[in-house]
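Thanks for making time this morning; I would like to walk you through one model, with the cut-offs stated as we go. Please bring up the sequence and the structure, and keep them open while I talk.

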Amino acid sequence: MKRSGIGLTLVLVAAVAVSIGYLFGRTGDSTATAQDVSPTEARARDYYVPNSEDLAPDEMRVIACGTGMPTPRPAQAAACFLVELGNGDKFIFDMGDGSVERLWALEIPPAYLNKIFLGHLHGDHFGDLGSMFVAGALGGRHGPLRIWGPSGQVPELGKAYAVQMMENMFTWDVAGRIGQTDTRGFHTEVTEFDYKLENQIVFEENGVTIRAWPAIHAIDGAVSYGLEWNGLKFVFGSDTYPNKWYNEYALDADLAIHECFITVPDFVNKWRATPEAALQVGTQIHTAPEAFGKVMSEVRPRMAVAYHFFKDFDTTPGILERIRSTYDGPLSLAEDFMVWNITEDEIRVRMALVEEHVWNAPMADPALPPDPSEMTPFAAERTGGVVPGYSDFIYSGRWEGVDDVLREIYQEASDALGREFPYPGDE
Ligand SMILES: [Zn+2]
Ligand SMILES: [Zn+2]
């Protein structure tokens with residue numbers, strides 16, 4: 001009895017300490033010392049700047065690259081979360097519209113952005129897959145884009161079908177690049193698993209285990225994921241009605257992400273949904289904020305993350321109030337470029353500050369020059385043996401009036417790099 005009494009006291013002390021920390025923050029002391037302020041020395045930053053911090057070997061960094069809703073807006077892309085691990089692995093969970101732009105702003109060599117886990121196939125959760133397919137291949141991913149996702153009730157409702165159709169959609173795109181640039185990245189590798197798996201392993205490499213379990217969203221074929229590595233656990237719900245599997249398999253999560261839809265009144269007044277649709281979509285297809293809070297009260301993660309709402313000055317108070325009516329634990333109301341640094345000791349939450357005029361990050365391995373010999377096998381596989389190119393009719397429309405200035409560019413390159421670049425057609 002005495003031991004448990006001491007234990008309780010310690011818990012209470014810890015709770016008070018956490019509360020004080022929560023109320024005042026770690027830098028809440030207004031009596032700044034000389035060390036904090038200097039006219040010449042930089043102070044520590046409380047925001048994240050991409051490509052400015054090493055990831056420690058035991059650290060997990062999660063960055064929100066899409067937190068919004070199915071309609072586009074500059075402030076929030078649709079669903080996407082990046083997980084970076086201290087072992088060098090990176091994983092993307094969902095790939096909603098607009099999220100590729102966010103990922104590129106993080107200044108990560110695209111070769112490392114090659115593993116995507118899709119929770120379900122609503123456009124706001126995989127609409128940027130095509131952009132990633134193309135931009136990643138051009139930006140330095142010289143191997144396949146690896147995609148994991150669940151089956152559906154029939155093959156046409158599964159991930160493999162969707163990815164194959166996406167590749168088919170880009171047939172002209174790839175045909176127009178073969179022989180003109182390095183196209184080794186224009187391939188996919190899909191792992192489709194049974195959507196009824198209950199916390200079963202769908203990925204196990206390099207000390208990382210990812211499990212999937214069913215989600216309940218619109219129709220069969222949606223899942224949630226749990227990633228475990230180095231004693232840390234990350235959970236991503238994608239979209240789901242509150243369900244027993246999440247409550248059970250998200251237990252012990254360090255970071256538990258679960259959708260939290262806008263409130264029904266906002267869905268009617270701001271989105272202009274009918275009350276019938278708002279009630280159906282806002283409470284039966286998705287998770288209402290009050291229900292999100294109840295889920296997190298079951299799971300009790302080190303940090304609960306709510307996303308899938310437009311986070312504005314006039315929507316956030318209502319969402320927070322409703323979540324707080326059912327959950328009093330640690331909470332992040334996600335928005336794009338929110339960053340969580342997770343270690344055994346601490347979860348640090350900050351915002352990232354990104355450069356809008358960012359360029360592609362360096363390639364992890366060098367690109368190869370174009371290889372025209374790739375065109376024949378591509379044609380045999382994709383275009384019935386017809387090698388894509390210009391017909392005589394289209395070629396005859398080229399204006400030769402620019403020939404002289406273009407030849408000068410080739411000569412300029414030859415002079416600058418000390419080797420001969422023959423002008424096309426002259427070889
Ligand atoms: Zn959805
Ligand atoms: Zn959604």
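Let me start with a convention: two strands are said to pair if DSSP finds at least two bridges between them, and helices (H or I, at least four residues) and strands (E, at least two) are DSSP runs, numbered from the N terminus. With that in hand, valine 235 stands opposite alanine 256 in S11.

Before going further, some provenance: this is a predicted model, in which local features need pLDDT of at least 70 and side-chain atom pairs count only at pLDDT 80 or more, while totals for chains, interfaces and linings use all residues. Residues are numbered from 1 along each chain as its sequence is written, chains are lettered from A and ligands numbered from 1 in the order in which they are written, and side-chain values use heavy atoms, with hydrogens and water left out.

Staying with the strands, S10 and strand S11, which covers residues 255-259, pair in the parallel sense over three bridges. On the other hand, strand S9 (residues 219-229) pairs with S10 in the antiparallel sense, over five bridges, and there leucine 227 has phenylalanine 234 of S10 as its bridge partner. The hairpin of S9 and S10 has two residues between the strands, and in it asparagine 230 takes a positive phi near 55 degrees.

How many of the five residues of S10 are buried? Here buried means under 20% relative accessible area, exposed means over 50%, and partly exposed lies in between (1.4 Å probe, protein chains only). Five of the five are buried, so S10 is largely enclosed by the rest of the structure. As for direction, Leu232, Phe234 and Phe236 point one way from the strand, whereas Lys233 and Val235 point the other way. In S11 we also find isoleucine 257, which is buried, with a relative accessible area of 0%; its C-alpha atom is separated by 39 Å from that of threonine 181, which is 76 residues away along the chain.

Now to the metals. Donors are N, O and S atoms within 2.8 Å of the metal (3.2 Å for Na, K and Ca), and I would ask you to remember that water is not among the atoms, so sites may look incomplete. The zinc ion (ligand 1) is coordinated by His120 through NE2, His122 through ND1, His217 through NE2 and Asp239 through OD, at 2.1 to 2.4 Å. Along the chain, these donors follow the spacing H-x1-H-x94-H-x21-D. Histidine 122 lies in the loop between strand S4 (115-117) and helix H3 (123-126), and aspartate 239 in the loop between strand S10 (232-236) and helix H7 (244-249), so this pair ties together parts that are 117 residues apart in sequence. Histidine 122 is partly exposed, at a relative accessible area of 33%, while aspartate 239 counts as buried at 0%.

Which residue coordinates both zinc ions? Aspartate 239 does, with the zinc ion (ligand 2) and the zinc ion (ligand 1) 3.4 Å apart. Histidine 125, in helix H3, and aspartate 239, in the loop between S10 and H7, are 114 residues apart, and the pair links distant parts of the chain.

Two backbone details are worth a look. Asparagine 199, which is not a glycine, has a positive phi of about 60 degrees; this residue is found in the loop between strand S6 (188-193) and strand S7 (200-205). Phenylalanine 337, also not a glycine, has a positive phi of about 75 degrees, lies in the loop between strand S13 (331-333) and strand S14 (338-342), and counts as buried at 13% relative accessibility.
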